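Q: I have just opened this model and would like to learn how to read it. Could we go through it one feature at a time?

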Amino acid sequence: MKTNEQSRRQAAALRWVVRIFMILVTVIMIYPLLWNVYSSFKTNNEFLTNAFSLPKSLAWDNYARAIEKSNLLSNVGNSVLIVLITLCVIMVCAVPCAYCLVRYKFFGSRLMLNIYMAAIFIQATFIMIPLFLQMNALHLLNNRVALAVLYATMQFPFAIFVLSGFLRSIPRDYEEAAMIDGCGPFRILVQVIMPMAKPGIVTVCMISAMSAWNEYPVALVMLTDPKKQTLPVGLANLYEVQRYATDWGALFAALVLALIPTILIFLIGQKQLIQGMNVGGLKG
């Protein structure tokens with residue numbers, strides 16, 4: 001009896017230690033975000049007095065200056081366009097590719113899947129120079145559509161990893177029943193598999209969208225025209241300008257505006273994201 005009681009006390013103590021640790025980690029992670037938000041409402045004098053103090057009043061004109069003194073609206077439009085094209089390319093190419101690699105066994109299919117899995121660890125920044133030379137040779141620099149296709153290609157390995165794991169969890173009985181009803185491979189994919197794989201597809205789309213929205217080094221190298229630059233590049237340029245102009249309120253306001261779409265995407269698809277990552281990661 002004493003041993004059981006001691007074990008329960010140790011387990012309870014361990015749970016409280018884990019909870020306290022997670023609370024501390026949460027506070028450490030959330031504080032910079034909260035500091036960014038309330039700093040966007042501070043005046044320049046308040047920044048010079050105490051950068052970590054709360055604002056005395058809400059300086060909404062910081063957001064107006066952030067839009068007026070930069071190409072923020074143009075940068076947001078470019079990022080939205082690139083993200084939409086990226087998602088369309090992934091939907092058209094990655095979903096059928098993952099389905100074929102999972103459901104159809106042919107010579108080299110396993111090797112192709114392993115190559116995709118290995119390509120997850122290859123980042124675009126590691127091959128930036130040959131990538132730039134290839135894009136330049138194809139006359140695709142300062143081309144937003146080409147950059148979107150490049151982003152989609154960068155996300156293919158992860159997308160196929162998640163989707164292949166999720167598709168393995170779908171029984172073949174549904175496809176066999178659809179074949180008996182006269183459905184071909186394309187109709188089976190579109191009308192049977194894709195609706196059932198919705199959490200996995202939403203997961204891939206969410207992560208790909210956030211990755212394309214926040215990507216900086218590739219966009220910095222591939223887009224030199226200020227009218228075609230994405231939001232991260234525009235924010236970096238705004239930082240250089242406002243740093244010497246000491247207009248920190250406008251800078252933090254622009255950062256908050258850039259965070260809003262990412263937060264909305266996560267809040268809307270949080271449930272599908274967790275389900276897709278769990279199933280895709282376990283089955284992959």
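Q: Is arginine 65 buried or exposed?

A: Start with the cut-offs: buried means under 20% relative accessible area, exposed over 50%, and partly exposed in between (1.4 Å probe, protein chains only). Arginine 65 has a relative accessible area of 19%, so the residue is buried. Before we go on, note that this is a predicted model, where local features need pLDDT of at least 70, side-chain atom pairs count only at pLDDT 80 or more, and totals for chains, interfaces and linings use all residues. Residues are numbered from 1 along each chain as its sequence is written, and side-chain values use heavy atoms, with hydrogens and water left out.

Q: Which side chain does arginine 65 meet in a salt bridge?

A: A salt bridge is a side-chain nitrogen of Lys or Arg within 4 Å of a carboxyl oxygen of Asp or Glu. Here the partner of arginine 65 is aspartate 61, at 2.9 Å, N to O. Aspartate 61 is partly exposed, at 43%.

Q: Why are aspartate 61 and arginine 65 separated by about one helical turn?

A: Because they are 4 residues apart in helix 3 (residues 61-68). Helices are DSSP runs (H or I, at least four residues), numbered from the N terminus.

Q: How many salt bridges does a search of the whole structure find?

A: The search finds 2. One of them joins arginine 103 and glutamate 175, at 2.4 Å, N to O. Arginine 103 lies in helix 4 (residues 72-103) and glutamate 175 in helix 8 (residues 173-180), so this pair ties together parts that are 72 residues apart in sequence. Both arginine 103 and glutamate 175 are buried.

Q: Where does histidine 139 lie?

A: Look in the loop between helix 6 (128-137) and helix 7. Histidine 139 has a positive phi of about 55° although it is not a glycine, and it counts as exposed at 69% relative accessibility. Asparagine 142 is in the loop between helix 6 and helix 7, and its phi is near 60°, again positive in a residue other than glycine. Asparagine 142 is partly exposed, with a relative accessible area of 22%.

Q: What is the place of methionine 29?

A: Methionine 29 sits in helix 1 (residues 2-39). With a relative accessible area of 63%, methionine 29 is exposed.

Methods: Helix = DSSP H or I, 4+ residues; strand = E, 2+ residues; numbered from the N terminus.
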